[in-house]
Amino acid sequence: ENGDDDVTLKILYCGVCHSDLHTLRNDWGFSFYPVVPGHEISGVVTKVGKNVTKFNIGDRVGVGVLVGSCKTCECCEQDLENYCPRIIFTYNSYNPDGTKNYGGYSDMIVVDQRYVLRFPDNLPLDAGAPLLCAGITVYSPMKYYGMTEAGKHLGVAGLGGLGHVAVKIGKAFGLKVTAISSSPQKESEAINRLGADSFLVSNDPEKMKSAIGTMDYIIDTVSAVHPLLPLLSLLKVNGKLVTVGLPNKPLELPVFPLVMGRKLIGGSDVGGMKETQEMLDFCAKHNITADIELIRIEEINTAMERLAKSDVRYRFVIDVANSLS
Ligand code: NAP
Ligand code: ZN
């Protein structure tokens with residue numbers, strides 16, 4: 001039921017994030033089955049509660065990774081609901097009343113208006129949906145860690161859902177962008193389609209060696225356990241590496257290159273509601289969307305198998321309305 005502060009969405013599209021796969025497989029050890037994944041949700045408003053002032057029936061809207069928080073803590077007051085200790089996630093998460101949340105692989109969702117985003121007019125609902133997780137997850141650390149100075153050199157490790165959007169956002173900030181990938185076959189697309197300036201194969205020692213000490217920033221989106229040393233070596237003195245990937249086991253931290261080069265490693269988790277809206281508006285202004293493979297829900301198991309093998313160009317999006325018709 002739609003409460004007084006709630007917006008009901010008819011879901012039209014939902015992106016398939018690697019976090020959905022981690023959760024389905026209980027990679028992180030806190031999956032509460034049954035799980036309905038999906039936190040890159042777009043659709044139209046079909047109902048609003050009496051206190052809802054931000055949205056009207058028919059509006060094009062989105063819902064991302066979170067649907068609730070305490071609204072009173074220091075984080076919530078600073079528009080950092082994503083770091084609220086009482087954050088409520090879109091799925092695999094419980095509400096204060098004990099009910100459980102189910103995500104966007106579904107035809108409808110009811111969400112408090114504070115956690116609903118407005119889709120700018122020129123942002124398509126299908127290719128725009130992945131921005132609600134993949135987009136904000138790379139945009140937010142770039143802003144927070146000061147990785148937006150035009151002309152600087154950004155490395156993007158892992159060319160999947162998050163990584164390919166990071167390449168596009170990096171270019172929009174005026175950065176020189178190098179994709180760092182374990183998939184040599186992604187090279188020409190990275191450069192010709194996504195707009196990267198160059199491409200490094202992470203398991204080619206010769207190429208990696210030639211790029212040592214050339215990058216100012218790296219965003220690491222790799223979903224599996226991987227060595228940090230080769231990435232840290234690519235950074236200049238004072239370089240910054242921000243990891244947003246969430247492998248199921250800890251990564252080894254090589255302290256020597258950190259210490260000797262005054263380098264910094266940080267992390268970042270999606271973004272607050274205000275910044276997520278800012279990111280959507282930024283992407284609309286710069287014509288940034290995800291490159292998507294549109295699937296029907298019947299194809300989800302095959303899509304998950306392909307996602308596990310890094311075989312997606314570059315985000316699966318479920319065409320929810322067409323799946324059910
Ligand atoms: P994705 O589409 O599967 O992309 C991950 C990429 O990592 C792959 O395409 C692949 O790129 C690379 N990769 C995978 N396995 C690898 C391996 N063994 N060695 C080296 N590279 C490998 O996943 P995604 O949806 O972008 O998500 C990436 C990670 O971020 C996941 O762990 C996800 O849970 C996490 N995440 C975090 C946040 C946050 O707020 N911090 C938000 C969303 C997702 P190449 O083929 O180019 O090597
Ligand atoms: Zn996600």
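Let me start with strand β11, residues 215–220: six of its six residues are buried, so the strand is largely enclosed by the rest of the structure. Buried here means under 20% relative accessible area, exposed means over 50%, and partly exposed is in between, with a 1.4 Å probe and protein chains only. Helices (H or I, at least four residues) and strands (E, at least two) are DSSP runs, numbered from the N terminus.

Before going on, a note on the source: this is a predicted model, where local features need pLDDT of at least 70, side-chain atom pairs count only at pLDDT 80 or more, and totals for chains, interfaces and linings use all residues. Residues are numbered from 1 along each chain as its sequence is written, chains are lettered from A and ligands numbered from 1 in the order in which they are written, and side-chain values use heavy atoms, with hydrogens and water left out.

Back to β11. Strand β8, residues 153–157, runs parallel to β11 and is joined to it by four bridges; two strands pair if DSSP finds at least two bridges between them. Valine 156 has isoleucine 219 in β11 as its bridge partner. Strand β12, residues 235–243, is also parallel to β11, with five bridges, and methionine 215 is partnered there by leucine 235.

Next, the zinc ion, ligand 2. Its protein donors are Cys17 (SG), His39 (NE2) and Cys133 (SG), at 2.0 to 2.2 Å. Donors are N, O and S atoms within 2.8 Å of the metal (3.2 Å for Na, K and Ca); water is not among the atoms, so sites may look incomplete. Cysteine 17 lies in the loop between β1 and α1, and histidine 39 in the loop between α1 and β2, so the pair ties together parts that are 22 residues apart in sequence. Cysteine 17 is buried at 2% relative accessibility, and histidine 39 is buried at 6%.

Last, salt bridges. The rule is a side-chain nitrogen of Lys or Arg within 4 Å of a carboxyl oxygen of Asp or Glu, and the count comes to 17. In one of them, lysine 71 pairs with aspartate 112, with the closest N and O atoms 2.6 Å apart. This pair links distant parts of the chain, 41 residues apart: lysine 71 is in the loop between β4 and α2, and aspartate 112 is in strand β6. Lysine 71 is partly exposed at 38%, whereas aspartate 112 is buried at 16%. A network of salt bridges links Lys168, Glu189, Arg193, Asp291 and Arg313.
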